[in-house]
Amino acid sequence: MMTRPRFWRAMLLVLGAGWAAHPSAWAHDLMASHAKVRIKPDGVEVEIKIAADSAWALVQDSGGPSVAFVLEDFEKVGRPLLMTFARQMEELVSDGQAVRPRKIDVTIVEDNFVFSFAYPRPTGKSVNLKQNYLSRMPEGYMFLAMLLDDNGEALSSAVLHRSDPALEIVVPPHAKPTP
C-alpha cells in the first residue's frame with residue numbers, strides 16, 4: 001500500500017512529466033516561468049520560458065534603455081539587452097563556488113522568451129540553482145521547474161517563489177558522456 005507522501009510525490013511526477021512533455025503546457029503565462037533542468041553526463045542545461053511581457057519589464061527596470069520591444073528589432077535591440085539580463089538572471093553554485101555557464105542564449109517562441117544556459121558538470125554532489133530575477137517579480141509569481149535526466153525522463157519538480165528562489169539539486173553519479 002502506498003503511503004500519502006509517496007502517493008502525492010508519484011502524482012506530482014506523473015503530472016509533471018505530462019506537463020514537461022506537452023508543448024501547450026509551455027503556453028504564455030504572465031505569472032509563471034517554466035523551466036526544464038537537465039542533468040547530463042557532461043553538464044547541466046537549464047531552459048527557462050518567460051512571457052515576453054514579464055521579462056521585458058524586468059529588462060527595462062534593470063536600467064536598459066526605455067525602448068518598446070518590437071519583434072523586427074530583436075537581433076539589433078532585443079537580443080543584446082536580454083543577454084545582459086540573462087547573465088544576472090540565475091546562479092548555479094557547487095561546493096560553495098559559483099559555476100559560470102559555458103553558453104547562454106535567448107530565443108523567441110511565440111510570445112515568450114526562452115533563455116538557455118549550459119553549465120559544465122558540477123564537481124559537488126549537489127548544486128544550488130537560484131533564480132535571482134524572482135525577487136523582482138510580483139507577489140504570487142511562480143517558477144515551475146522540472147528536473148529531467150539525460151533521457152528527458154522526469155525526476156522531480158519544484159515551485160519557486162520570490163520568497164524561496166533557490167532549488168537544491170542532487171547531482172547523480174557521473175556517467176560517461178555519450179558520443
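How many salt bridges does a search of the whole structure find? Four, where a salt bridge is a side-chain nitrogen of Lys or Arg within 4 Å of a carboxyl oxygen of Asp or Glu.

Quick housekeeping, folks. This is a predicted model, where local features need pLDDT of at least 70, side-chain atom pairs count only at pLDDT 80 or more, and totals for chains, interfaces and linings use all residues. Residues are numbered from 1 along each chain as its sequence is written, and side-chain values use heavy atoms, with hydrogens and water left out.

OK, let's start with Lys40. To Glu45, the closest N and O atoms are 3.7 Å apart; to Asp150, the N to O figure is 3.9 Å. Lys40 is in strand 1 and Asp150 is in the loop between strand 8 and strand 9, so this pair ties together parts 110 residues apart in sequence. (Strands are DSSP runs of E, at least two residues, and helices are runs of H or I, at least four, numbered from the N terminus.)

For the cut-offs, buried is under 20%, exposed is over 50%, and partly exposed is in between, using a 1.4 Å probe and protein chains only.

Now over to Arg79, which has a salt bridge with Asp105, closest N and O atoms 3.0 Å apart. Arg79 is in helix 3 and Asp105 in strand 5, 26 residues apart. Asp105 is partly exposed too, at 26%.
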